[in-house]
Amino acid sequence: MRRLTRPGPAFRSSPARLRAPGRPGNLPAELNGFIGRHDELAALARQLESARLVTLTGLGGVGTSRLARHGAAILQDRFCDGVWLVELAALREPHLLDHVVAEALGVNDHTGRPVRAALCDHLADRELLLVLDGYEHLVDSCAELTGQLLRRAPGLRVLAAGRRPLGLDGERSMPLSPMNTTDATALFADRAASVVAGFTVGPSDEAAVTALCDRLDGIPLALELAAGRLRALSVDQVLHRLDDRFRLLTGNARGVLPRHRTLRTAIGWSHEQCTSEERLLWARLSVFAGQFDLDAAEYVCSGPELPSGELLDVITELVAQSVLAREETATGVRYRMLDTVRAYGAGWLAATPDGERLRRRHRDWYLGLATWCELDWFSPRQAEIAARIEAELPNLRVALEQSLESPADTHLGQYLAGTLWFYWVGCGRLAEGRHWLDRALELESNHDEARLKALWVAGYVAVVQGDTVGALGALQECRDEAERTGNATAAAYALHRTGCLALVCDDLPRAEKLLRAALLRYREIGELNSNVLLGQVELAMAVAFQGELADAERLCEDVLEVCEEHGERWTLAYAQYVLAFAAWTRGDGERARGLLEECLAIDHTFHDLLGAVLAIELLALVTLGEGDAEEAAVLQGAAGRIWPSVGLPLFGSRHFHQPHARCEEEARERLGAERYEHCRRAGERLDLDAAVTRVLRPAGLLPAQLRTVRITAPGTNEPAASPSASGGETAG
């Protein structure tokens, strides 16, 4: 067989161009254009070049049949005896499989010998590609036949398209994912143009079309059915009706398989091929949002009908049938369901009495996970914790939503929103954290500890955002209630954050007094974590602004020592920032730069926007001192782009703003107003990654990729802790 080559670069393949009149084979001509899938076609060609059996697998409606046929049509001139298609979707009796294959190949044998023997003889000396389409309901019989034919016919290659692999030696399985956004948009536009004359995707509806394609997961069948609805609806109307996608996406096109006439029957065909255990797990897994891991699935979905020890086998089968996608991530192997697949499973779950129990178990798992991650934040695993929470954010949002929607569980929502303080503040999620905290605190709760925690965390977030009024209200309420209920821990945190508020409001003596008092209370109650150390850094900043540089440096050196003992990096970066400020104030620009570059590298690892923007602001001034006014202006522009994602620039503080103002004044004087503005605008075009790369690449300090993490309580796959009963508080 001649070498298979990559298909050409054309985006849209013409049906007529793919036909090969006069060649052996029975591939039908395509009725409409084939859109996109260039990478998949190239991969299919490579697989068929190196393997004799390739299975193209995917969920119903994802396009395995169309890709197999189109790929085979492109490659038909590589096979001197042609490409032959066997359509198996309509076949229900396995004992007729040999006859259907023989009929497709044109094998007419009247000798009375078994049909399979005739097939083997017919194929023995031929060089052809056999395409088996829709075999998943006949997988055992199909596997047996395919294996025997491949052994008897060395020139035979088989391309099988279905829901799962055949499971034969030498098989190359090629899972087919949904279309990417570009291809999906092009497919939708092409099919829409066949329904609405002159339809094109223009600026006015580009966003709606993109959103529609994303909501439909890039599933080709769903996109084609959605395009068919444009006979009566606009794109926006179709998009807004997708909450009931299975009712909306139906069609009556002639000449297509019945299971491809509606989205429900396409997904339902995959459902029919599952065992009862697989169907049950499919339904139960619909409580997850986004990705999830095996430990979460085992805890949430196990039960008498699905023992935890057997769940892995069932998940493996769902992956094999493309119901689940297996993904390698920074936090290890995880699984994902397409939204359409999840919606189908959710419909089945709703028909059982099990839904509420599953949602509670899901909530409890993520409450426990958040608790464990908060505890582990004060450890060498901080970067891993940040990556884990980022990966789990969709499920944490579901847990928050469910808790806050139930009056009986309000305290759980307050606890969870407060427990995630390290993520809201330390990983660039201030706005979302404020949203959840405000929602939680609008609701009444009889669990004082959970509410008090949400209050001081809300005050903390408001301080960082520069919202003085919001911070003062939350912190004062927290202090009053903590004193009333005797909650020494909440009282210490409220006092600490009130001192931080005084710091950014430029009341330095009061800030120093409150922060020293808070640190004393922490020592009295035995509290030590990242937050406590940050209080000491904030105290150092307060005394540094008052000119007491030696005291500030001593405080930060103490913090660095504790951070090194515990492997803590996030607070360490803030201590480095204060030490850099002290070094710059003393005129040691070289030391200041070294500290700020290390600080920025750590902040970028966590995506800590506040820490990063503070470091960039001070780096601009250091850069100016090194004689590069243009680069200083660029860095000021980059910082200006970041501040809106944090809150009020430099907290509206005169002391925090002083280095910025000095840098701008001197840079303008050196460059002139016009050149300064030009450089500043250039900096505004840099996103955070570009700005960090610009600063750190010369120093060789670009942050490394986050390491893999798998977090459970030691020695168990149980959630690390569950506050469901007590709503207790842990600070870090």
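This is a dialogue on how to read some features of a predicted model.

Biologist: Let us start with the aromatic rings. How many aromatic pairs are there?

Modeller: The count is 21 aromatic pairs. One of them joins W421 and F422, with 6.0 Å from centre to centre and 90 degrees between the planes, and this pair is edge-to-face.

Biologist: Are W421 and F422 buried or exposed?

Modeller: Both W421 and F422 are buried.

Biologist: Which residues form one aromatic cluster with W421 and F422?

Modeller: The cluster is made up of W377, W421, F422, W570, Y574 and F606.

Biologist: Rings can also have a charge over the face. Where does R361 lie?

Modeller: R361 lies over the face of Y299, and the distance to the ring centre is 4.4 Å. A second case is R497, which lies over the face of Y460 at 3.5 Å from the ring centre.

Biologist: Now the strands. What is the order of the strands in the open sheet of 3 strands?

Modeller: The order is β8-β10-β9, and the pairing is antiparallel. Strands β8 (291-292) and β9 (325-329) each have a single partner strand and stand at the edges, so one side of each has no neighbour in the sheet.

Biologist: How many bridges join β8 to β10?

Modeller: There are 2 bridges between β8 and β10, the latter covering residues 332-336, and the two strands run antiparallel. Within this pairing, Q291 stands opposite R336 in β10.

Biologist: I would like to follow one side chain in that sheet. Where is R334 found, and is R334 buried or exposed?

Modeller: R334 is in strand β10. Its relative accessible area is 0%, so R334 counts as buried.

Biologist: Which residues does R334 touch?

Modeller: Leaving out residues up to four places away in sequence, R334 touches Q291, F292, D293, A325, R326, E327, T329, R388, A391 and E392. With Q291 there is also a polar contact of 3.1 Å between the side chains.

Biologist: Next, backbone angles. What should I expect of phi?

Modeller: Most residues other than glycine have a negative phi. Here, D217 has a positive value, with phi near 60 degrees. D217 lies in the loop between α7 (206-215) and α8 (220-228). The relative accessibility of D217 is 12%, so D217 counts as buried.

Biologist: What is the phi of F651, and where is F651 found?

Modeller: Phi of F651 is near 60 degrees, again a positive value in a residue other than glycine. F651 is in the loop between α30 (629-646) and α31 (654-671). F651 counts as buried because its relative accessibility is 9%.

Biologist: Last, the cysteines. What is a disulfide, and how many disulfides does the count give?

Modeller: A disulfide is a covalent bond that links the sulfur atoms of two cysteines. In this model the count is 0 disulfides. C274 is in no disulfide, and the nearest cysteine sulfur, that of C301, is 14 Å away. C274 has 5% relative accessibility and therefore counts as buried.

Terms used: Residues are numbered from 1 along each chain as its sequence is written. This is a predicted model: local features need pLDDT of at least 70, side-chain atom pairs count only at pLDDT 80 or more; totals for chains, interfaces and linings use all residues. Side-chain values use heavy atoms; hydrogens and water are left out. Rings of Phe, Tyr and Trp (its six-membered ring) pair if their centres lie within 6.5 Å; planes under 30 degrees apart count as stacked, over 60 as edge-to-face and the rest as tilted. Buried means under 20% relative accessible area, exposed over 50%, partly exposed in between (1.4 Å probe, protein chains only). A charge sits over a ring if NZ of Lys or CZ of Arg is within 6 Å of the ring centre and within 35 degrees of the ring normal. Two strands pair if DSSP finds at least two bridges between them. Helices (H or I, at least four residues) and strands (E, at least two) are DSSP runs, numbered from the N terminus. A disulfide is a pair of cysteine sulfur atoms within 2.5 Å. A polar contact is a pair of N or O atoms within 3.5 Å; within protein, one must be able to donate a hydrogen and the other to accept it, and residues adjacent in sequence count only if both atoms are side-chain atoms. Contact means heavy atoms within 4.5 Å.
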